[in-house]
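Here are some notes to read beside the structure, written for someone meeting it for the first time. Take the points in any order you like.

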Amino acid sequence: MSLSGWTGSNLRTALQRQLFRPRRQVQQQQKVVARQLLCNAAEHVIIRRAASSSGSSFSAAREIDVKMTDTDGDNVLAEALRDQGLRYVFGIMGHPVIELSLALQAAGLRYLGFRNEQAACYAAQAYGYLTRKPAAVLCVSGPGVLHAIGGMANAQVNCWPVLVLGGSCPQDHEGIGGFQEWSQVEAARPYCKYSARPPSAALIPLHVEKAVRLATYGRPGAAYLDLPATLLKQKVDSSRVVRVKPVPEPPLAYPDAGLIEQAADLVRNAEKPLLIVGKGAAYARAESAVRELVSDTGIPFLPTPMGKGVVPDTDVNCVASARSSALLQSDVVVLLGARLNWMLHFGKPPRYRPDVKFVQVDLCAEELHNSVQASVAIQADVGPAARLLAKALKDRRFKLSKNHPWWNELNAKGNKNKQILNEMSKDVSEPLNYYAVFKTIQDFIPDNCLICSEGANTMDIGRTMLLNNLPRHRLDAGTFGTMGVGLGYSIAAALYCKDNYPEKRVLCVEGDSAFGFSGMELETMFRYNLPIILIVVNNNGIYGGFDIETYNTIRSVGDASDVTPPNTLTPNSQYDKMMEMFGKRGYFCKTIEDIKTALKASFKVQDGPSLINIMINPQADRKEQAFSWLTESKL
Ligand SMILES: Cc1ncc(C[n+]2csc(CCOP(=O)(O)OP(=O)(O)O)c2C)c(N)n1
Ligand SMILES: [Mg+2]
């Protein structure tokens with residue numbers, strides 16, 4: 001017996017049975033089987049009635065029992081996922097979820113095999129963020145689930161819905177050292193909103209419904225379902241499988257009208273009001289309400305990294321180029337689906353005035369008053385809250401004129417910063433700096449691109465230089481600051497575009513270190529023909545490295561592990577050569593012209609990924625900042 005419990009030949013037979021047929025044929029076959037099962041069920045009822053009226057023997061009753069089990073856990077689960085409206089499953093198959101992976105496809109779900117469960121889980125939650133419907137992650141027992149937990153934690157911190165399905169060892173192997181045995185329900189629990197093992201195959205749909213509901217209702221997050229081999233293989237009569245309706249859309253939470261009035265009074269009397277638009281507003285699809293609030297009131301706004309695009313970065317009221325000043329000077333800050341965590345420097349000095357007042361709008365009551373007490377704390381969806389606040393301010397005839405001293409101050413600062421960036425991006429001397437590279441990319445790409453990005457400097461500078469004018473068009477390391485998310489996010493984004501906006505392209509901008517965390521998902525992109533444009537901004541290290549001569553000199557003095565600086569990666573690595581594994585060519589760029597040529601060629605490719613490796617100065621840095629990116633702890 002092989003490790004997987006499958007011999008080569010029975011796996012081949014199963015695959016032949018399930019896979020080498022077009023989807024329609026598979027579905028037709030399913031219908032035939034379903035019809036057959038219905039007939040069988042009717043036949044069973046007749047036999048059972050006959051048996052009970054004639055006082056049938058034990059063996060006849062057993063015969064009836066065997067006939068009464070026309071489906072199993074694998075198929076019940078696959079159909080329950082489909083019936084709850086799930087479309088995609090990402091994962092890695094293996095024991096005990098091999099047949100499940102086949103059943104998923106047979107039920108009409110789309111299954112994408114990844115190279116690591118963590119990346120699959122990142123992809124699934126990005127799909128959840130983009131569509132408000134979770135995708136599922138399929139993992140084998142033990143290490144498979146453990147890998148996905150990294151993704152679950154990320155989803156919880158980002159508040160994105162995802163459903164993780166973990167195979168687990170047969171229940172009769174539990175406690176005696178089963179293959180990949182692990183206490184998965186308990187292990188998953190701290191990283192999700194719902195962690196459960198359905199008690200029987202017939203009850204699986206109930207737990208799928210609950211998992212989907214908990215992942216998407218209230219503050220979204222992860223849900224975990226544990227699936228022992230014995231449960232997946234359990235035979236059950238389909239008439240006994242619990243019937244559950246699809247989860248309705250989450251309810252919209254309206255704000256308390258009195259609190260909106262209080263917020264409007266506070267804003268009207270402010271000297272320097274500021275709106276901060278977070279990814280909660282993006283998830284809530286609140287763009288039209290927030291855009292209206294901004295344009296009706298003329299209040300300056302700042303987006304958080306993934307709040308970018310809810311209101312266009314190019315909007316006249318965007319003060320991203322004067323971010324530090326806006327935060328430091330504002331006397332009333334309105335938070336729209338943005339949390340006062342490290343990203344917003346906890347709402348405290350030295351990044352804010354000591355007397356700043358906050359109006360907080362958040363779907364999650366537990367988030368209210370976090371870090372500092374809000375003057376007005378509103379538990380609501382961002383859409384209705386923004387709409388009602390705009391109306392309350394209109395009733396008060398509030399409109400901040402562009403000649404207001406607050407605007408003059410912000411414009412002066414913003415223009416100065418824009419000028420500095422402009423100067424830096426004009427410096428195209430080689431090796432290139434970040435700003436010159438990003439200016440070239442920004443000038444080239446269509447403005448409906450969905451941008452995924454990770455790294456440190458690459459992500460931070462890219463966020464400033466690459467503009468988003470549409471909501472949910474930026475996916476990055478997020479609140480958890482996770483490296484390794486980029487390729488998974490891009491795959492989800494590419495599927496989302498393929499299904500809904502085939503004209504849109506996905507750009508995945510990676511630091512060279514960030515790329516390394518999940519670089520092998522390039523093969524996944526090839527396998528599913530996803531036309532993602534991958535850009536690696538290569539500075540030979542984490543935050544930066546060394547040129548080849550300095551690197552060699554440093555390493556010549558001792559053993560590599562004694563002397564190699566921890567931030568360094570091998571200089572001039574040709575990540576672009578990975579394309580050759582798939583018979584394609586990548587681009588190794590050192591000049592602006594190289595980048596332009598590579599971008600032009602890559603945007604023409606429609607049936608698979610492209611990879612552009614851009615060498616920059618390993619010592620290139622960010623524009624000097626008034627504050628370090630992470631506000632120092634005062635404890
Ligand atoms: C999972 C994980 N491991 C490690 C880190 C620490 N970390 C932060 S940024 C970063 C990589 C930065 O280097 P790179 O991606 O090359 O971008 P650069 O700053 O060089 O442009 C690392 C390893 C992290 N945030 N997440
Ligand atoms: Mg780097």
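**Notes on the model**

1. The largest cavity is lined by Arg 132, Lys 133, Pro 134, Val 212, Thr 216, Val 247, Pro 248, Glu 249 and Pro 250. Please keep in mind as you look that this is a predicted model. The space inside the largest cavity comes to about 50 Å³. Sorted by class, its lining holds 5 nonpolar, 1 polar and 3 charged residues.

2. How many cavities of 30 Å³ or more does a search of the whole structure find? The count is 2. For the second largest cavity the volume is about 30 Å³. Its lining is made up of Ile 276, Leu 302, Pro 303, Thr 304, Arg 323 and Leu 344. Of these lining residues, 4 are nonpolar, 1 is polar and 1 is charged. As background, empty space of this kind shows up when a probe the size of a water molecule is rolled over the atoms.

3. Next, the metal site. Which residues coordinate the magnesium ion (ligand 2)? They are Asp 512, through OD, Asn 539, through OD1, and Gly 541, through O, at 2.0 to 2.1 Å. Along the chain, the donors of this ion are spaced as D-x26-N-x1-G. Asp 512 sits in helix H20 (residues 512-518), while Gly 541 belongs to the loop between strand S17 (533-538) and helix H22 (548-555), so this pair, 29 residues apart, links distant parts of the chain. Asp 512 and Gly 541 are both buried.

4. Gly 91 faces Leu 138 in S4. In general, strands of a sheet pair through backbone hydrogen bonds, and the pairing is either parallel or antiparallel.

5. Now the other sheet. This open sheet also has 6 strands and parallel pairing, and its order is S15-S14-S16-S17-S19-S18. Strand S15 (474-476) and S18 are at the edges; each is paired with a single strand, so one side of each is left without a neighbour in the sheet. From one strand to the next, the twist averages 15°. Within this sheet, strand S16 (residues 506-511) and S17 run parallel, with 5 bridges joining them. Glu 510 is placed opposite Val 536 in S17.

6. Some backbone details are worth checking by eye. Most peptide bonds are trans, and most residues other than glycine have a negative phi. Pro 96 is in the loop between strand S2 (88-91) and helix H5 (98-106). Another cis bond runs from Pro 349 to Pro 350, where omega is near 10°. Pro 350 is in the loop between strand S11 (332-336) and strand S12 (357-362).

7. Positive phi values come next. Ser 371 is not a glycine, but its phi is positive, near 75°. This serine lies in the loop between S12 and strand S13 (376-379). Is Ser 371 buried or partly exposed? With a relative accessible area of 32%, Ser 371 is partly exposed. Asn 572, again not a glycine, has a positive phi of about 60°. Asn 572 is placed in the loop between helix H23 (560-563) and strand S18 (587-589). Its relative accessible area is 35%, so Asn 572 counts as partly exposed.

8. Gly 150 and Glu 117 are 33 residues apart in sequence, and 9.0 Å separate them in space, C-alpha to C-alpha.

Methods. Residues numbered from 1 in each chain as written. Chains lettered and ligands numbered in written order. Predicted model: local features only at pLDDT ≥ 70, side-chain atom pairs only at ≥ 80, totals over all residues. Heavy atoms only, no water. Donors = N, O, S within 2.8 Å, 3.2 Å for Na, K, Ca; no water. Helix = DSSP H or I, 4+ residues; strand = E, 2+ residues; numbered from the N terminus. Buried < 20%, exposed > 50% of the residue type's maximum accessible area, 1.4 Å probe, protein only. 1 Å grid on protein atoms, 1.4 Å probe; cavity = no way out; pocket = protein on both sides within 12 Å on 5 of 7 lines; lining within 4 Å. Points joined across faces, edges and corners; volume = space filled by probe spheres on them. Nonpolar A, V, L, I, M, F, W, Y, C, P; charged D, E, K, R; others polar. Pairing = 2+ DSSP bridges. Axes fitted to C-alpha atoms, helices over the stretch in contact; angles between N-to-C directions.
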